[in-house]
Amino acid sequence: MMPPQQENAMAAARIPAPSRPENVADVHADPAECGRVVQSEGGVVVFDPCPQSAPAPPVAPEIQLQRGTNGFSILHITLQPMTLKFEDVGYSINSTVHREGTCCGCLGGSAPKPARNILNGVSGMVKPGEIMAMLGPSGCGKTTLLTALGGRLPGKVTGSVTYNGRPFSGAVKRRTGFVTQDDVLYPHLTVLETLAYAAMLRLPTTLSRREKLDQAESVVLELGLTRCRNSVVGGPLLRGISGGERKRVSIGQEMLVNPSLLLLDEPTSGLDSTTAQRIVTTLRGLAGAGRTVVTTIHQPSSRLYKMFDKVVVLSEGTPIYSGAAAAALDYFESIGFAPGVSVNPADFLLDLANGVAPDAQEGHQHVRPDASDQNSLKQSLILSFKRNLYNGLKTEIRQNRLETTSSRPGKASSNGSEKLHWGTSWWNQFKVLFCRGLKERRHESFSGLRIFQVISVAILAGLLWWQSDPSHIQDQVGLLFFFSIFWGFFPLFNAIFTFPQERLMLIKERSSGMYCLSSYYFARMVGDLPMELVLPIIFTVITYWMGGLKATATNFFLTLLVILYNVLVSQGLGLALGAILMDVKQATTLASVTMLTFLLAGGYYIQHIPPFIAWMKYISFSYYCYKLLLGVQYSEQDYYECGPGFSCQVLDYPSIKHMELGNKGYDVAVLTLMLIGYRLLAYVALRMGQPK
């Protein structure tokens, strides 16, 4: 049994949607004065359009939402409508081909290959209130076209793509939602936390914190995520919510900001038919409120196809149809390809895109064994499109452009200077990212395996050096060198994974304009401090006192400070290597070679380094850390028994004397330079490799 409110809402969704006006792009509203949410009988929340001089688009029944406990709807704000037009969009990539007789090109056998056309002359237009679906077989260029329309495609895109008659800009990015095919989410955050943090970052400062959280709650309710709202999202190594629920969370992150233009790549991929129907019904509701929706979709059912206003059918990157979804079958029938009576329109279009013609008598499909026949059919469909639809489509696009320009005089120049502004201030971005990072990474930093690793090594080292005799000076020197090496390797290899693992998330969120790179970077650096420094403190407390080093508070705390400083420098090097290479395997290999070099040049294993290679120790942070540990532990007042009845000064011990412990300030200054330099290098590498 469903509650009466939900039954009413679902019943309303089954009512056929009324026809929408042909163009709702001229509807403008002031969110501060209108766009109310009212409650009708039965507990159904309905969007109340603004009173306008021009007629507002009628609200389709699909936009009716079940009222949440907070009485807040994500559809209560009317955004500026956006008309998307694209003409003759083309995109190609350059690749290489290996010459015969070479081992995979390893001997310089690669030669340039002609550019491969991914998109070739794709045109179309979608207005506010409409859903455009891109159909076609795998590899036909649907995702590439969608990425180009979202302004996220690297390289040069030929043709023209305009948004309300203007090119892509920061202001357009802020009003565009982009849902990728792969769900990029933090695994340890719950569904509600994921949406809440996105709301805190993306929603404007005019909304209070409570209103932003209400927005997240509203998305949870509308997308049917109430049952799993407090469940972790999960990932490859952590069990969480289902694949369909993950997809809805990804869509919900973009729905939070009520985008004027919503682009979705395969939103129904991996979902059952009922869930897919619900997702597309939600998109239908968003479009009915004056938004522009463009989506790629794989093998939609006939029920889903009927919800689309326009379709673009691609065959090997070239369009064979672009226009109204309801007129597609009539068009192909007019050129001699009549579908069967009960055929799914989407199946019929995909067969044609693959070069498979229908059986005119029975309506069944048969595949011609000769591939040349399929290619000839594709070429025939492409020529028919150019002959019958292309000119009319371009005329419609250009006519709409003239109408848009004449109806809004002077607006292009004012909007042309719009700059990208963040949803919230730098300080709020920092705070939200800091809190989110602590919640997400505490499970990894304080995992049982990592804690066991550190504590077990600490106890083992303490037992091996158990209360070492000060007269055994070489043993104590070895313990101090072990400190510098262990807390050089451990943080370095942990930090290498930081940016490569978060690369996809960083690209996704930065492309959406959620925050500036500097706020993310500083939040990451500060958030890592408590998690990266706790384990070294525990390690030092255990090993220092078990190892029999100087049992004074001053020596202990100075030793601890040197180790923590070494951890920060080592972590900075790992972050820099990971940010530069963005590949875990390559970065790990380079880090291994680097640390082995620092280990050998650290001054413990060899005292007489040949002059031509002696410079290597001066770039080793382990060398400076080792010197500081020796300088903290020993002074001119320390002696050891160097023979029967003889005492010698510790600083004259050969392995200590050659380290030249005199100038501690210089060593600290060099480590400070490395600390700042490595982290600055990591930031610059991120800045160069991320979207702006």
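What follows is a conversation about a predicted model.

Me: Let's begin with the overall picture. How many helices and strands are there in the chain?

Reply: Start with the inventory: the chain holds 22 helices and 14 strands. Of its 692 residues, 51% are buried. The accessible surface is about 31700 Å², and carbon and sulfur atoms own 59% of that.

Me: And what share of the contacts comes from residues 24 or more positions apart?

Reply: Counting contacts with a separation of 6 or more, 76% join residues 24 or more positions apart.

Me: How do I read the nonpolar interior?

Reply: The general idea is that in soluble globular proteins, nonpolar side chains tend to be buried together. In this model, the largest nonpolar core has 91 residues, and Y305, F308, V311, F332 and F499 have the most contacts inside it. Helix α4, residues 191–202, gives the most to this core, with nine residues. There's also a second, separate core of 55 residues, with L492, L535, V562 and Y634 among them.

Me: Which residues does F499 touch, setting aside those up to four places away in sequence?

Reply: F499 touches Y520, Y521, M525, L575, A579, M582, A682 and L686.

Me: What happens at the two ends of α10?

Reply: At the start of α10, a side-chain oxygen of N344 comes to within 3.1 Å of the backbone nitrogen of A346. After α10 comes G355, which has a positive phi, near 85°.

Me: And how many of the eight residues of α2 are buried?

Reply: Seven of the eight residues of helix α2, residues 142–149, are buried, so α2 is largely enclosed by the rest of the structure. The buried set is K142, T144, L145, L146, T147, A148 and L149. Following α2 is G151, again a residue with positive phi, near 70°.

Me: On to charges. How many salt bridges are there?

Reply: The count comes to 18 salt bridges. Take K394 and D88, whose side chains meet at 2.9 Å, N to O. This pair links distant parts of the chain, with K394 in helix α11 and D88 in strand β4, 306 residues apart. K394 is buried at a relative accessible area of 12%, whereas D88 is partly exposed at 27%. The two also belong to a network of salt bridges that links E87, D88, K394 and R398.

Me: Which residue does E130 pair with?

Reply: E130 forms a salt bridge with K310, the closest N and O atoms being 3.6 Å apart. E130 lies in the loop between β5 and β6 and K310 in strand β11, 180 residues apart. Both E130 and K310 are buried.

Me: One more pair, please. What is the distance between R441 and D528?

Reply: The closest N and O atoms of R441 and D528 are 3.3 Å apart. R441 is in helix α13 and D528 in helix α17, 87 residues apart. R441 counts as buried at 8% relative accessibility, and D528 is buried too, at 4%.

Me: Last one: which residues form the nonpolar patch on the surface?

Reply: That patch is F612, I613, W615, Y618 and I619, which together have about 560 Å² of accessible area. W615 is in the loop between α19 and α20.

Note on methods
Residues are numbered from 1 along each chain as its sequence is written. This is a predicted model: local features need pLDDT of at least 70, side-chain atom pairs count only at pLDDT 80 or more; totals for chains, interfaces and linings use all residues. Side-chain values use heavy atoms; hydrogens and water are left out. A polar contact is a pair of N or O atoms within 3.5 Å; within protein, one must be able to donate a hydrogen and the other to accept it, and residues adjacent in sequence count only if both atoms are side-chain atoms. Helices (H or I, at least four residues) and strands (E, at least two) are DSSP runs, numbered from the N terminus. A nonpolar core is a set of buried Ala, Val, Leu, Ile, Met, Phe, Trp, Tyr and Cys residues joined through side-chain atoms within 4.5 Å. Buried means under 20% relative accessible area, exposed over 50%, partly exposed in between (1.4 Å probe, protein chains only). Contact means heavy atoms within 4.5 Å. Patches are made of residues with over 30% relative accessible area and no salt bridge: like charges are joined within 9 Å, nonpolar side chains (Val, Leu, Ile, Met, Phe, Trp, Tyr) within 5 Å. Accessible areas come from the Shrake-Rupley method with a 1.4 Å probe; for residues, only the protein chains shown count as cover. A salt bridge is a side-chain nitrogen of Lys or Arg within 4 Å of a carboxyl oxygen of Asp or Glu.
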